[in-house]
Amino acid sequence: MRDFKTILVTGGAGFIGSNLIRYLLSDKSGFTGRIVNLDALTYAGNPDSLADIDKRLGGKRYFFLKADICDRKAVEKAFTDYAIDAVCHLAAESHVDRSILGPEAFIRTNVMGTFTLLDVARIAWKDRSDVLFHHVSTDEVFGSLGDSGFFTETTPYDPRSPYSASKASSDHLVMAYHHTYHLPVTLTNCSNNYGPYQFPEKLVPVMILNMIEDKPLPVYGDGKNIRDWLYVEDHNSAVWTVMQNGVLGQTYNIGGENEWENIKLLDRLIDLVAEESGKSSASLRSLITYVKDRPGHDRRYAIDCSKLKTELGWRQSVTFDEGLRKTVRWYLDNSGWINRVRSGEYRTWMDVNYTQR
Ligand code: NAD
Ligand code: TYD
């Protein structure tokens with residue numbers, strides 16, 4: 001089993017990254033080293049997501065660096081200053097709708113940023129085998145499924161949005177650095193995550209917050225697109241399992257084995273929000289509004305994660321009902337965090353792009 005002294009987590013102020021850092025620094029992971037969180041704090045990054053960790057462990061086991069992964073000098077300095085022996089790379093532009101409206105930032109961060117990190121790691125770690133570059137990616141690189149079948153690790157890449165194309169490109173770069181320069185890498189492709197601290201532009205938090213505020217619940221197209229949902233902590237336990245025990249140069253699929261049509265997920269979420277908030281589920285249901293479909297909207301994603309389960313013994317631990325209820329409760333209890341992330345650039349972007357829907 002691999003052990004690390006100092007892990008550089010990129011994108012640690014975002015949704016999955018902040019949950020990952022919380023998980024790694026908890027007793028659940030068994031990790032006893034230090035975390036350096038390198039994040040540019042774009043609209044999607046919020047240092048508040050780790051304020052308690054910073055207060056408790058800042059300067060001891062937790063360090064925050066505000067920096068861009070495309071800034072080679074800043075990344076090199078992080079490697080030198082903190083003697084990094086593992087990278088867990090999550091920093092990315094992550095929202096499909098934004099990638100359709102403005103793809104350039106996705107190419108810059110997801111492709112050039114990943115390249116910069118890989119290249120700094122290659123030089124800083126020359127000939128070392130006690131190090132690891134773990135890349136966190138998405139199942140969207142595999143394209144869209146019909147009514148049957150699952151994505152496996154050998155499914156050919158077929159990305160269809162600027163987001164998934166940029167992630168596919170980053171995955172290829174990671175594997176190319178392994179094959180060409182023998183950089184020790186592992187890679188995971190995960191299905192849709194949900195949970196606390198998710199930026200309110202993705203389906204689950206958009207719907208919860210709109211319900212809290214009695215705003216329309218925008219369902220794209222016919223609402224029958226299917227996603228495979230996984231609670232964020234289960235994603236992070238899988239990432240950590242692969243970082244410790246995954247075979248170098250291999251990819252592992254991570255999924256919830258939990259497929260839902262968007263409209264059915266929304267139906268369940270409405271009942272949970274009603275139960276937790278005291279609102280009437282009938283009045284919440286009346287907010288459902290079918291809106292214009294996303295261009296190129298992938299129909300179905302479904303992950304076969306049997307490799308991770310049989311080879312590395314990972315299991316999901318949170319049922320969908322438990323995870324959704326925890327998530328609803330978290331958004332009901334954390335209006336301060338919500339107000340903070342919904343100010344500024346986010347507000348402007350939403351107003352410009354979504355008021356017409
Ligand atoms: P997020 O948008 O919530 O967070 C992204 C973080 O990256 C933010 O903190 C942001 O400030 C930071 N960032 C963006 N550009 C940067 C740059 N140039 N330099 C440094 N930091 C930068 O994203 P997320 O949902 O937490 O996703 C994290 C990773 O997991 C991404 O790589 C994404 O592709 C992948 N992923 C996400 C999901 C999902 O359902 N959310 C599923 C599978 C894989
Ligand atoms: P999203 O959370 O953006 O994740 P992804 O596109 O990466 O899977 O969307 C999940 C599904 O929900 C997707 O089929 C699009 C749909 N969707 C809506 O119907 N309404 C919304 O407001 C959003 C944000 C998404």
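Two strands pair if DSSP finds at least two bridges between them. Keep that in mind for the first stop; the model on screen is predicted.

**Stop 1: the sheet.** Select β7, β9 and β11. These three strands form an open sheet in the order β7-β9-β11, with mixed pairing. The edge strands, each pairing on one side only, are β7 (192-194) and β11 (259-261). From one strand to the next, the twist averages 50 degrees.

**Stop 2: β7 beside β9.** Now keep β7 and residues 226-231, which are strand β9. The two pair in the parallel sense, over three bridges. Click on Asn-193: its bridge partner in β9 is Leu-230.

**Stop 3**

**Stop 4: ligand 1.** Select ligand 1 and the 29 residues around it. Ile-16, Asp-39, Ser-94, Tyr-163 and Lys-167 come nearest.

- The side chain of Asp-39 has an N or O atom 2.5 Å from an oxygen atom of the ligand.
- A polar backbone atom of Ile-69 is 3.0 Å from a nitrogen atom of the ligand.
- Asn-193, visited at Stop 2, has a polar backbone atom 2.9 Å from an oxygen atom of the ligand.

On its own, ligand 1 has 830 Å² of accessible area, and the protein covers 96% of this.

**Stop 5: the shell.** Colour α1 (15-24), β5 (132-138), α6 (162-181) and β7; each supplies at least two residues of the shell around ligand 1. Which element gives the most to the shell? It is β5, with three residues. Coloured by type, the shell residues divide into 14 nonpolar, eleven polar and four charged.

Note on methods. Residues are numbered from 1 along each chain as its sequence is written. Chains are lettered from A and ligands numbered from 1 in the order in which they are written. This is a predicted model: local features need pLDDT of at least 70, side-chain atom pairs count only at pLDDT 80 or more; totals for chains, interfaces and linings use all residues. Side-chain values use heavy atoms; hydrogens and water are left out. Helices (H or I, at least four residues) and strands (E, at least two) are DSSP runs, numbered from the N terminus. Axes are lines fitted to C-alpha atoms, for helices over the stretch in contact, and angles run from 0 to 180 degrees between N-to-C directions. A residue is near a molecule or strand if one of its heavy atoms lies within 4 Å of it. A polar contact is a pair of N or O atoms within 3.5 Å; within protein, one must be able to donate a hydrogen and the other to accept it, and residues adjacent in sequence count only if both atoms are side-chain atoms. Accessible areas come from the Shrake-Rupley method with a 1.4 Å probe; for residues, only the protein chains shown count as cover. Ala, Val, Leu, Ile, Met, Phe, Trp, Tyr, Cys and Pro count as nonpolar, Asp, Glu, Lys and Arg as charged, and the others, Gly among them, as polar.
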